Amino acid sequence: MAPTYPKHKAVLKWAEGELGTHEEPLGSNTGERVRFYQRHTWLGGTGWPWCAAFVDTAWEVGGKNPLPWKSAGAWDIGNRGRAAGWAVTTPTHLTPGDIVTFKAGAGHVALFVSYDPKTGFLHWVKVASPR
């Protein structure tokens, strides 16, 4: 089992408090709370997929520990994490609160919660759904 860390726990607690957030109107990639997340990235404006913005915000606001970069893209977060030596390819080595990127549409990013080795399922916190 992977260790847990106080900042990771704080990130997850904050993120789980955001469950239920949605776009206004649905499918628009905007809305009051979505714009709040998007302001925590380098990309201006709104109307663009916001899963990476949610992850950036979770670490900056919830963990009070911003990532060493601002990002607005799932693959960008994954690439920067790999370049920093943070990449983990075995689910059993993930720590709750870690960032996970995966192939879904043009890419998706979320916060790791748990892994069930019996079923092979990863459980994560996300509020934005890939299109």
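## Ground rules and confidence

Residues are numbered from 1 along each chain as its sequence is written. Since this is a prediction, local features need pLDDT of at least 70 and side-chain atom pairs count only at pLDDT 80 or more, while totals for chains, interfaces and linings use all residues; side-chain values use heavy atoms, with hydrogens and water left out.

The chain's mean pLDDT (the predictor's confidence in each residue, from 0 to 100) comes to 89, and 94% of the residues reach 70 or more. Helices (H or I, at least four residues) and strands (E, at least two) are DSSP runs, numbered from the N terminus. Where pLDDT is low, the predicted coordinates should not be read in detail.

## The sheet

Here we have an open sheet of 3 strands in the order S1-S2-S3, with antiparallel pairing (two strands pair if DSSP finds at least two bridges between them). S1 and S3 are the edge strands, each pairing on one side only. From one strand to the next, the twist averages 60 degrees; for angles, axes are lines fitted to C-alpha atoms, for helices over the stretch in contact, and values run from 0 to 180 degrees between N-to-C directions.

S1 (residues 99-102) and S2 (residues 108-116) share 4 bridges. Thr101 has Val109 as its bridge partner in S2, and Phe102 has His108. The hairpin of these strands has 5 residues between them, and Gly105 takes a positive phi near 65 degrees there.

Phe102 pairs with His108 in S2. H1 packs on the sheet and touches S2 and S3 (contact means heavy atoms within 4.5 Å), its direction making about 110 degrees with that of S2. Helix H4 (residues 74-83) also packs on the sheet, touching S1 and S2, and its direction makes about 120 degrees with that of S1.

## A loop asparagine

Asn29 sits in the loop between helix H1 (6-17) and H2. Is Asn29 buried or exposed? Asn29 counts as buried because its relative accessibility is 7%; the cut-offs are under 20% relative accessible area for buried, over 50% for exposed and partly exposed in between (1.4 Å probe, protein chains only).

The Asn29 side chain makes a polar contact with the side chain of Trp50 at 3.4 Å. Such a contact is a pair of N or O atoms within 3.5 Å; within protein, one must be able to donate a hydrogen and the other to accept it, and residues adjacent in sequence count only if both atoms are side-chain atoms.
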